[in-house]
Amino acid sequence: MKKLGDRLLHRVTKALNSDHHCSEGTSGLRHRQDLRMPSQGVRLHIQDRYVVMDNGILQVTLSKPGGIITGIKYNSIDNVLEVRNKETNRGYRDLHWNEPGGKGIFDVISGVTFRVIVETEEQVEISFVRTWDPSLEGKYIPLNIDKRFIMLRGSSGVYSYGIYEHLKEWPAFELGETRIAFKLRKDKFHYMAMADDRKRIMPFPDDLCKGRCQTLDYQEASLLTAPCDPHLQGEVDDKYQYSSENKDLRVHGWISFDPPVGFWQITPSNEFRSGGPLKQNLTSHVGPTTLAVFHSTHYAGKTMMPRFECGEPWKKVYGPVFIYLNSTANRDESLYLWDDAKIKMMAEVESWPYSFVASEDYPKSEERGRVHGRLLIRDRFMSNDLISAEGACVGLAPPGDAGSWQIECKGYQFWAIADEPGYFSIENVRPGEYNLYAWVPGFIGDYHNNTIVSVTSGCKIEMGDIVYEPPRDGPTLWEIGIPDRKASEFFIPDPDPTLVNRALVHHQDRFRQYGLWKRYTDLYPNDDLVYTVGVSNYRRDWFFAQVPRKKGDVHEGTTWQIRFKLENTDQKGNYKLRVAIASATLAELQVRVNDAEANRPLFTTGLIGRDNSIARHGVHGVYMLYTVNIPGNRFVQGDNTIFLKQPRCNGPFQGIMYDYLRLEGPP
């Protein structure tokens with residue numbers, strides 16, 4: 001195993017060193033790929049227990065009628081999936097669900113009927129359906145599930161989508177997660193890539209077995225003590241370190257160096273994903289495993305678990321996503337497979353919505369609508385004129401309340417970024433009824449227009465100029481942080497030097513290092529954080545998460561202080577403390593003014609949040625905004641202190657990550 005690790009390191013080093021003389025770059029890879037493409041049409045071979053799709057570039061074998069991908073033959077690899085796994089544990093769609101109040105059930109979805117939807121030389125589309133009836137109550141989720149697979153002539157990959165349907169008369173249930181998973185060959189795929197600055201040689205799955213690692217504070221996190229590749233000795237591996245926001249989660253996967261082959265999962269649209277553009281999901285991790293997550297409760301908790309009632313009809317199409325394989329004849333160019341995968345991803349995004357999907361539940365481009373307009377901001381304490389909402393995230397999601405899009409799971413969402421003057425154009429919207437939502441970097445709160453936007457086939461809807469008035473009652477006396485719905489601008493400590501993921505050292509996402517919550521106790525062993533307005537710097541002096549302090553074997557709540565001066569006070573007026581929270585996990589925020597020992601806080605949120613973002617290395621979860629009314633007679637002329645107490649302390653991960661705080665004077 002040590003020799004294998006040394007060989008692997010040598011190949012990566014050689015590939016990296018070849019960057020300066022490989023002038024043809026990714027175009028050379030794609031050209032060679034195209035030269036290998038035969039003119040063979042797509043062929044479908046139907047056997048007793050299997051179905052094989054073959055276009056001369058790759059062969060995809062699925063169980064019949066289950067619709068589990070048991071094999072993908074590509075280039076010189078007979079099967080890129082892990083042949084040592086059972087056939088049901090190679091390429092599959094699964095879900096996690098429960099009856100209301102019942103225990104969770106994990107289910108690898110296996111079809112019971114198979115049929116051919118399209119069969120031509122240009123395209124094959126096949127279907128594997130599992131239907132539900134009352135005799136299956138309690139055993140299977142009450143959904144009809146249609147798993148579809150598409151192969152095109154000349155395409156180096158396969159598309160997959162699923163149609164989930166709940167009939168009105170069927171019983172209630174809750175859906176925790178649904179996704180597609182691929183388990184690749186561990187003797188081939190060792191290099192993982194999900195972004196230009198997040199790619200690396202990964203541990204072997206054996207490294208997470210007893211005797212080779214030490215399990216840390218939760219089972220997903222491991223310290224590698226005797227890895228197969230000695231160069232990984234002493235590193236931490238945790239699949240949550242490779243999570244990504246939906247808006248950035250377009251392509252990820254693995255590279256084999258012998259032979260040089262890439263396996264990539266491409267998601268060309270976020271319309272079917274739950275939780276909007278900022279929702280975080282898992283990507284690829286040690287296995288080697290690659291996921292296409294459509295819905296999960298990660299970084300949100302139970303608020304992200306939809307409940308479907310008896311009497312509630314529902315249908316949703318998840319996908320299609322594209323599984324792309326590429327290769328090169330030159331092993332020294334193996335790492336360029338990632339660049340080629342990014343180019344392919346952009347081509348798939350440009351092709352959305354696809355024209356070749358056969359289901360009537362998937363509307364084509366001409367059957368969709370377009371919504372455009374301009375978003376402006378009115379904040380009279382910043383400008384007498386309307387302000388352009390440049391960079392605003394503007395979207396259509398099912399009707400709800402302000403901010404409800406971030407926990408919306410049942411419908412579809414469509415988002416766009418406003419340009420410099422604030423204009424936005426939301427394209428390729430499925431027919432349906434929506435509300436318009438937005439949030440603007442640099443401003444607190446959520447914009448919500450409760451007017452129903454009815455999108456019909458081929459429509460173009462002009463919303464005109466829309467004005468968002470962020471919460472504001474008075475002038476800013478002081479502020480801490482940047483209102484961007486994240487805690488990443490605050491102080492992110494260095495990790496414990498014995499618990500490091502080297503790929504995240506000096507990384508913009510250094511908050512994904514393991515165990516950063518423990519560093520609070522190291523930095524503040526006895527007394528809590530004190531922030532002095534006008535003296536302190538939030539990038540240096542405001543810890544990214546208010547977590548409990550560990551004292552021996554127990555944890556204790558923490559109370560942070562914001563100290564500031566008021567030259568004059570309006571004893572009869574009202575001040576406003578705006579507290580934007582980026583994430584909370586079984587926490588409580590109590591606010592006191594100039595009296596830390598007051599029996600009753602001036603304000604409390606009560607128990608809030610189930611994001612678990614602290615443990616899962618995120619700097620945000622579900623955004624919340626609170627306004628605390630502070631009577632002027634609570635302040636004094638001169639020195640004042642606001643106390644922020646987080647008393648909940650049953651474990652290390654209970655806490656709050658702030659996005660932004662602002663004290664406003666009386667109007």
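This is a predicted model: local features need pLDDT of at least 70, side-chain atom pairs count only at pLDDT 80 or more; totals for chains, interfaces and linings use all residues.

Strand 39, residues 590-593, and strand 43, residues 638-646, pair in the antiparallel sense, over four bridges.

Next, the aromatic rings. The count comes to 42 aromatic pairs. I will take two of them. Tryptophan 517 and phenylalanine 653 are edge-to-face, at 4.9 Å centre to centre and with 80° between the planes. Where do these two residues sit? Tryptophan 517 is in the loop between strand 33 (476-481) and helix 4 (519-523), while phenylalanine 653 is in the loop between strand 43 and strand 44 (655-664), so the pair ties together parts that are 136 residues apart in sequence. Both tryptophan 517 and phenylalanine 653 are buried.

The other pair is tryptophan 542 with tyrosine 658. Their ring centres are 5.6 Å apart and the planes are at 75°; over 60 degrees counts as edge-to-face, so this pair is edge-to-face. Tryptophan 542 lies in the loop between helix 5 (538-541) and strand 35 (549-551), and tyrosine 658 lies in strand 44, so this pair ties together parts that are 116 residues apart in sequence. Here too, tryptophan 542 and tyrosine 658 are buried.

Elsewhere, ring pairs link a cluster whose members include Tyr159, Phe272, Phe294, Trp352 and Tyr362. There are also charges over rings. Arginine 485 lies over the face of tyrosine 623, 3.9 Å from the ring centre. Lysine 316 lies over the face of tyrosine 412, at 5.6 Å from the ring centre.

Now the backbone. Most residues other than glycine have a negative phi, and most peptide bonds are trans. With that in mind, here are some exceptions. Aspartate 258 and proline 259 are joined by a cis peptide bond with omega about 0°. Proline 259 is in the loop between strand 18 (251-257) and strand 19 (260-266). A cis bond also joins glycine 287 and proline 288, with omega about -10°. Proline 288 falls in the loop between strand 21 (284-285) and strand 22 (289-295).

As for phi, tyrosine 299 has a positive value, near 65°. Tyrosine 299 is located in the loop between strand 22 and strand 23 (307-308). Is tyrosine 299 buried or exposed? The relative accessible area of tyrosine 299 is 3%, and under 20% counts as buried, so tyrosine 299 is buried. Asparagine 428 also has a positive phi, about 55°. Asparagine 428 lies in strand 29, residues 423-429, and is partly exposed, with a relative accessible area of 23%.

Last, the annotation. An unreviewed UniProt entry gives "domain: Rhamnogalacturonan lyase" for residues 390-462 and 476-663.

Terms used. Residues are numbered from 1 along each chain as its sequence is written. Side-chain values use heavy atoms; hydrogens and water are left out. Buried means under 20% relative accessible area, exposed over 50%, partly exposed in between (1.4 Å probe, protein chains only). UniProt positions are given in the numbering used here, feature names are shortened, and annotations may be inferred rather than shown by experiment. Two strands pair if DSSP finds at least two bridges between them. Rings of Phe, Tyr and Trp (its six-membered ring) pair if their centres lie within 6.5 Å; planes under 30 degrees apart count as stacked, over 60 as edge-to-face and the rest as tilted. A charge sits over a ring if NZ of Lys or CZ of Arg is within 6 Å of the ring centre and within 35 degrees of the ring normal.
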